[in-house]
Amino acid sequence: MNVDTQNDDNVLIKVRNLRKSFDKQEVLKGVNLDVHTGEKIAIIGPSGCGKSTFLRCVNCLEDPDGGSIMFEGEDLADMKVDINIHRQRIGMVFQQFNLFNNLNVLDNITLAPIIVAKRNRKKGQTVKEIKEKEQEKAYKLLEQIGLADKAKAYPSTLSGGQKQRIAIIRALAMNPKVMLFDEPTSALDPEMVGEVLDLMKKLANDGMTMVIVTHEIGFAREVANKIIFMNDGVIEEENAPEQFFAHPSSPRLKEFLSKVL
Amino acid sequence: MEKQWNNFCRELFDNGGYKDVLNGLLATVEIAVFGLIIGIIIGTLIAMVKVVPKYKILPRILEKVVDVYVGFFRGTPMVVQLLLGYFVLLPLLGIAVDSIIVAIVIFGLNSGAYVSEIMRAGIQSVDSGQLEAGRALGLSYGKTMMRIVIPQSIKNILPTLGNEFITLIKETSVVSFIAVVDLTKAFRQIGAAHYEYLVPYVVLALVYLVLVMLIALGVKMIERRFKRSERRYSK
């Protein structure tokens, strides 16, 4: 259970004693987690255990009630921190994809990068140049997932699998340091789960740091190098996949695994 | 009856009444159009204040301010607002402004109070995931609203906004209280020439009716265009 065994220098996100309540219901009861650079962490657990809430707290989509989230030297749980800057470095993928319905695929991908690039614009750089550069980058990403022909299509004309893969590269276009996945395949038709998981595997192989809340136990076992079992608002068990599945120690994890495996 | 009709035609065409009618029509449309534009701008701002999360002190103060604003403009008659603006506020400020400008401003302020509710409902009808996705990419609340949420809410807002425009057109008939010659005033002048009001007022009603029907038709056409460009919405 000791999370501090690895070198502290490459800890990307350090979560300490994270708490969150909705009204009187305490959903997170003090969560501690270190995410190291390059690590792939899968979070599993029964529904209502707080795993999605935890992920949403990491980039402050839900404001934590207590504890700290250290990222790039700042505490994201501190309301005074400019969260927008940090969110640009933390990619997020949603269960419901959440592509912008009023924008075509290309604009979905380039909207945020163009806004950021305009803000940090170098001298002599025109808005047109910024746009062209970001669009070129977006096309490259689209080509990687074989959807370059969909650049001008609107989200509602795409399949769930296509939407989710575009949502992933939309996050990638910001050059994030870490990617958070909130049950990325739960809203997909079964035949589309594979294409999304394949893209995530490719991302993992490319060395992306990933935190994935998932019900895909097989995928977690294959891709993650650390698996976390959350239950009742706390991390009940965390381990490398082999030990995690071969020798679960907590009785509740044993019970959970017996149901899902 | 025929005599009345002839008198009406004489006043309208021979004695130059048509000029007043055309100018009046222009004034009516101007007040409604510019009033609506101002109303949309103010209404959008108020709606943003209403839907913004209230963690900090500034949004809470702003909400109180807009509550008073909306309460006043929805709680008093338009005529009273016009009178207060033209005969009380202007002398108080010591400035001379054309009465039609006053009418446009008052209509804009009034409409803003109503449009704010339309905009708020429209904004809240957009899936909250859209806002979350924008925020998760590091966009500010305002940027996400302007680029993502509000454009999507327009589709839902448009029919109701058309109704607001029609309401404004009809409400302009009271602006003669502050000496604006609008459509109603122009026809009243024609009637006053012979103290015969039957024909002018029936024609006046017909003109409003045609105006409103044209607007309704226009709104429907715009809606249809939106529908055509709107792609099947699915999650």
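A:Cys49 is buried, at 2% relative accessible area; buried means under 20%, exposed over 50%, and partly exposed in between (1.4 Å probe, protein chains only). The model is predicted: local features need pLDDT of at least 70, side-chain atom pairs count only at pLDDT 80 or more, and totals for chains, interfaces and linings use all residues. Residues are numbered from 1 along each chain as its sequence is written, chains are lettered from A and ligands numbered from 1 in the order in which they are written, and side-chain values use heavy atoms, without hydrogens and water.

**Cysteines**

- A disulfide is counted when two cysteine sulfur atoms lie within 2.5 Å.
- Over all chains, the count is zero.
- A:Cys49 is in no disulfide; its nearest cysteine sulfur belongs to A:Cys57, 13 Å away.
- A:Cys57 is in no disulfide either; the nearest cysteine sulfur, on A:Cys60, is 7.3 Å away.
- A:Cys57 is buried, with 0% relative accessibility.

**Helix α3 of chain B**

- Helices (H or I, at least four residues) are DSSP runs, numbered from the N terminus.
- Helix α3 of chain B has 19 residues, 57-75.
- At 1.5 Å a residue (times one less than the number of residues), α3(B) should span 27 Å, and its end C-alpha atoms are 27 Å apart, which agrees.
- Its buried residues are B:Pro59, B:Val66, B:Tyr69, B:Val70 and B:Phe73.
- Seen down the axis of α3(B), they fall within an arc of 95°, so they line one face; the arc uses directions from the helix axis to the C-beta atoms.
- The face turned away from the buried side carries exposed B:Ile57, B:Lys64, B:Val68 and B:Gly75.
- Cover for the buried residues of α3(B) includes α2 (17-51), α4 (78-93) and α5 (99-124) of chain B, with contact meaning heavy atoms within 4.5 Å.

Notes: Helix = DSSP H or I, 4+ residues; strand = E, 2+ residues; numbered from the N terminus.
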